[in-house]
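Please open the model in your viewer and keep the sequence panel at hand.

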Amino acid sequence: MLETKDLTIRFGGHAAVDGVSCAFEKGTLTSIVGPNGAGKTTYFNLISGQLPATSGRVTLNGQDITTLAAPRRTRLGLGRAFQLTNLFPNLSTLENVRLAVQVKSGKGYDLFSRTLTHRELIDRAMAHLSAVSLADRAQAIAATLPHGDQRKLEVAILLALEPDVFMFDEPTAGMSVDEVPTILDIIAAIKQRGDKTILLVEHKMDVVRSLSDRIVVLHQGKLVADGKPAEVINSDIVREAYLGTTAGNG
Amino acid sequence: MLRSILSDDLPRSRWLALALLAILVGLAVAPFLFPGAKSLNVAAKICVFIVLAASFDLLLGYTGIVSFAHTMFFGIGAYGVAISLTRMGAGWDAVAVGTVAGLVVAIVLATVIGLFSLRVRTIFFAMITLAVASAFAILASQLSDLTGGEDGLNYRLPAVLRSSFSFGDTWFGVRLNGRLLDYYLVYGASLVLILILLRIVNSPFGSVLMAIRENPFRAEAIGYRTVVYRTIASCIAAATAALAGALLALWSSQTNPDTTLSFDIMVDILLMVVIGGMGTMYGAVIGAVLLVFAQNYLQDLLAIANKALVGVPLLANLFHPDRWLLWLGVAFILCVYFFPTGIVGRLRQKR
Ligand SMILES: Nc1ncnc2c1ncn2[C@@H]1O[C@H](COP(=O)(O)OP(=O)(O)OP(=O)(O)O)[C@@H](O)[C@H]1O
Ligand SMILES: [Mg+2]
């Protein structure tokens, strides 16, 4: 279980995330919604360790991870896909994923064996690429992939980390309509397994409604609503804070 | 077999394969093909600089670390052997002690610099290494009791490496003496060191280095502690540079700041790596061969051109042997302009 307590970060005087307390149970998918600049990505950054919290705490399975560096958190089971695609641009698609598989294998400090002899890592990376239907682009250089494929690769890297907590930050943003289902199916499949915690930031309301067990609304860094999809989406506070201001966005 | 020796990193270009083969064989038979003290000296220098440039490529090309302290480690290795040969006498025990001492100092220093400063941005790290290297060069020339100051050290090599040592008459017209043994010691050690570096960059560890070069932020995010990896890479590069320095000291029987610590050498190895192609290892090999060749023979070549052009007013002056640095500069600019990914990058490009 992942939990944040009074989690806050200030940039100068401005609190981008302001005292957010929230617990995310195993086997559930929680959507985090809110208008642009609400603090969703910043909240993720605090959880996965890209930014240090000003105050408050993050705990994972009872362990306080507030002050741990990002690599430690990842190895403890926090997996993160980024809103802005964030790949290893001049490496192959396969290598991008294989590097993520390699983290858990502990082979990163192996100096004297040949990478290509570790077939099991390559095979697992290929399996994750197949899951996002990128297997045929395995040898392509990541930077040369079209935007949609780069988003898929971003997700494949997250899958390859095999985390306990999956954090998706607008995974389908900028994808063409026919590519979106691939990603949604993957998220649904992870949820199906029942032993993973999923956090999803998403602007597409139909996606949020169909996938979520629960919706949390952030507004100006504060948690302003939390509940079942049907209740939250229809609540006044959300209409006002979110749907009202982003009418063209959903 | 070949795959395993080259760690799956095949040349992937017919011309590159030919060039590498020519270098491998050419250096192996150099004493017989080009007898004479100068050419053997150039061949040995090429071997040493291949290792030095390749170890720098591990930092610059593979890990994305810009360091100006690489010649410092080269110098540490050279002075380690030079000092111990001066103090302990010309025995192999002195060579062993000097090499190990140089390695230890280089690795400790690389670790300290790495842990203290690899967290900062690339440009600041480069400045820190520049400062440390400058301070070290000054220190080395100040401690003249130990290092011989600006004049450096002259010492005797172990007996079997001297030209007075003979293990037979002649073979294909070449005297079988200690210099020949010394050359093959340098050649063999360089070959082994290059193959080790090639293995490291093609290992799982090496793949993490490239990930860090490509996107350190994401490398951290997927769970790699980049500072640790960068520090280990710095240590390996420093240790290899120190070994290259030890080889140089074992070859030339004199070690001074100009041949080991100077900033000119730092610029040279930077050029070798960039011209050859960063992040390819083979690029360092090609770059080192070209640059050492140019430094030693460009003047001769220009002298020939100058003679041919005697009487042609402007051209003769332009091709004067004293203009060799100018031409080296021109060649460098053309190289970078036409081969932004270096010679190896260009050769590997699919047309
Ligand atoms: N490193 C930073 N320094 C200063 N301000 C920041 C920093 N990161 C985020 N902010 C500010 O924090 C606020 C929240 O930004 P954040 O990216 O978390 O929003 P978001 O909810 O993810 O928006 P979007 O839907 O557009 O992705 C914004 O006002 C942003 O300008
Ligand atoms: Mg965001």
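Between which two helices of chain B does the loop with Ser7(B) lie? Bear in mind that this is a predicted model. Select Ser7(B): the loop that holds this residue runs between helix H1 (2-5) and helix H2 (14-33) of chain B. Ser7(B) has a relative accessible area of 1% and is therefore buried, the cut-off for that class being under 20%. Most residues other than glycine have a negative phi.

Next, move to chain A and select Asp6(A), in strand S1 (residues 2-11). Phi is positive here too, near 50°. Asp6(A) is partly exposed, at a relative accessible area of 47%.

Now display ligand 2, the magnesium ion. Its coordinating atoms are OG1 of Thr41(A) and OE1 of Gln83(A), at 1.9 to 2.1 Å. Thr41(A) belongs to helix H1 (residues 40-48) of chain A, whereas Gln83(A) sits in the loop between strand S6 (78-81) and helix H3 (93-105) of chain A, so the pair ties together parts 42 residues apart in sequence. Thr41(A) is partly exposed at 25% relative accessible area, and Gln83(A) is partly exposed at 29%.

Finally, return to chain B and select Glu150(B), Asp151(B), Asp258(B) and Asp264(B), which form a patch of negative charge on the surface. Among them, Asp258(B) is located in helix H12 (residues 257-260) of chain B. With 61% relative accessibility, Asp258(B) is classed as exposed.

How values were computed:
Residues numbered from 1 in each chain as written. Chains lettered and ligands numbered in written order. Predicted model: local features only at pLDDT ≥ 70, side-chain atom pairs only at ≥ 80, totals over all residues. Heavy atoms only, no water. Patch = residues over 30% accessible without salt bridge, like charges linked within 9 Å, V, L, I, M, F, W, Y side chains within 5 Å. Areas by Shrake-Rupley, 256 points an atom, 1.4 Å probe, with all protein chains shown as cover. Salt bridge = Lys/Arg side-chain N within 4 Å of Asp/Glu carboxyl O. Lys, Arg positive; Asp, Glu negative; His and termini not counted. Charge placed at Lys NZ, Arg CZ, Asp CG, Glu CD. Helix = DSSP H or I, 4+ residues; strand = E, 2+ residues; numbered from the N terminus. Buried < 20%, exposed > 50% of the residue type's maximum accessible area, 1.4 Å probe, protein only. Donors = N, O, S within 2.8 Å, 3.2 Å for Na, K, Ca; no water.
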